[in-house]
Amino acid sequence: MKTPIILINFKIYDETSGEKGLELSRVCQKVSEKSGVNISIAPQMVDLSYISEKVSIPVFSQHVDNLKPGSGTGKTTLESIKKSKASGTLINHSENRMKLADIESIVDRCKEMDLVSVVCTNNISVSKAAAMFDPTFVAVEPPELIGGEISVTDADPDIVKNTVKQIRDISSRVKVLCGAGIKNGEDVKKAIELGAEGVLLASGVTKAKNPLEILEDLANGVINE
Ligand code: G3P
């Protein structure tokens, strides 16, 4: 997976469901193609397959359950994600926390199935624990800043810098993303300066009046770094 990456989580915002989700996905693709920056998306779960088939940028699942295909009403398997043509999955998002043992098992199975794993974490200790499982990415997001106006890169730059530092001591392979309150290119630039290999964001794009303009600015944060 090319880095730096700008990963847009569509969450369950009304602005990202159904046709509106597809439209936003196409805007992400347009900006990615024009800028050369990896802009990836995590559409709403019910739209995963539908959107995956219609865009060429990397598509992620917002969540996966540690289950094999079979009984498990309302759950999602890695096998289904793979069949939907998604590139990977978020794991343990702050809004959908998981047990440590399940996170480890999912990361292992992502490797077997050639899927990109993005383990979300809330602080440095949990980031270190997640890094031990050797996922593709650890995405650190202080929960209290999620959906807020102040970017993690301004409110708590140390959590980004120190997560990168501590994870480097564990593995040179695991890449670090940061998220919460990221809104513009300047925030992306700061994240990269702090050692992150990209950002995970939602409301800055999903709630924007003009997502195209915001996405172009975010991509410029990578280009101007
Ligand atoms: O998954 C990204 C997220 O939790 C951050 O959300 O709205 O602060 O960009 P937001």
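Which side chain meets E95 in a salt bridge? I looked this up in a predicted model, where local features need pLDDT of at least 70, side-chain atom pairs count only at pLDDT 80 or more, and totals for chains, interfaces and linings use all residues. I noted that residues are numbered from 1 along each chain as its sequence is written, and that side-chain values use heavy atoms, with hydrogens and water left out.

**Entry 1.** I found that E95 pairs with K11, at 2.9 Å from N to O, a salt bridge being a side-chain nitrogen of Lys or Arg within 4 Å of a carboxyl oxygen of Asp or Glu. The two residues are 84 apart and link distant parts of the chain, E95 in the loop between β4 (88-91) and α4 (100-112), K11 in the loop between β1 (5-9) and α1 (18-35). For these elements I used DSSP runs numbered from the N terminus, helices being H or I of at least four residues and strands E of at least two. I also checked K11, which is buried at a relative accessible area of 12% (buried is under 20%, exposed over 50%, partly exposed in between, with a 1.4 Å probe and protein chains only).

**Entry 2.** I then looked up E216 and K34, whose side chains form a salt bridge at 3.8 Å, N to O. E216 lies in helix α10 (residues 211-223) and K34 in helix α1, so this pair ties together parts 182 residues apart in sequence. K34 counts as exposed at 69% relative accessibility, whereas E216 is partly exposed at 30%.

**Entry 3.** Finally, I recorded that the structure holds 11 salt bridges.
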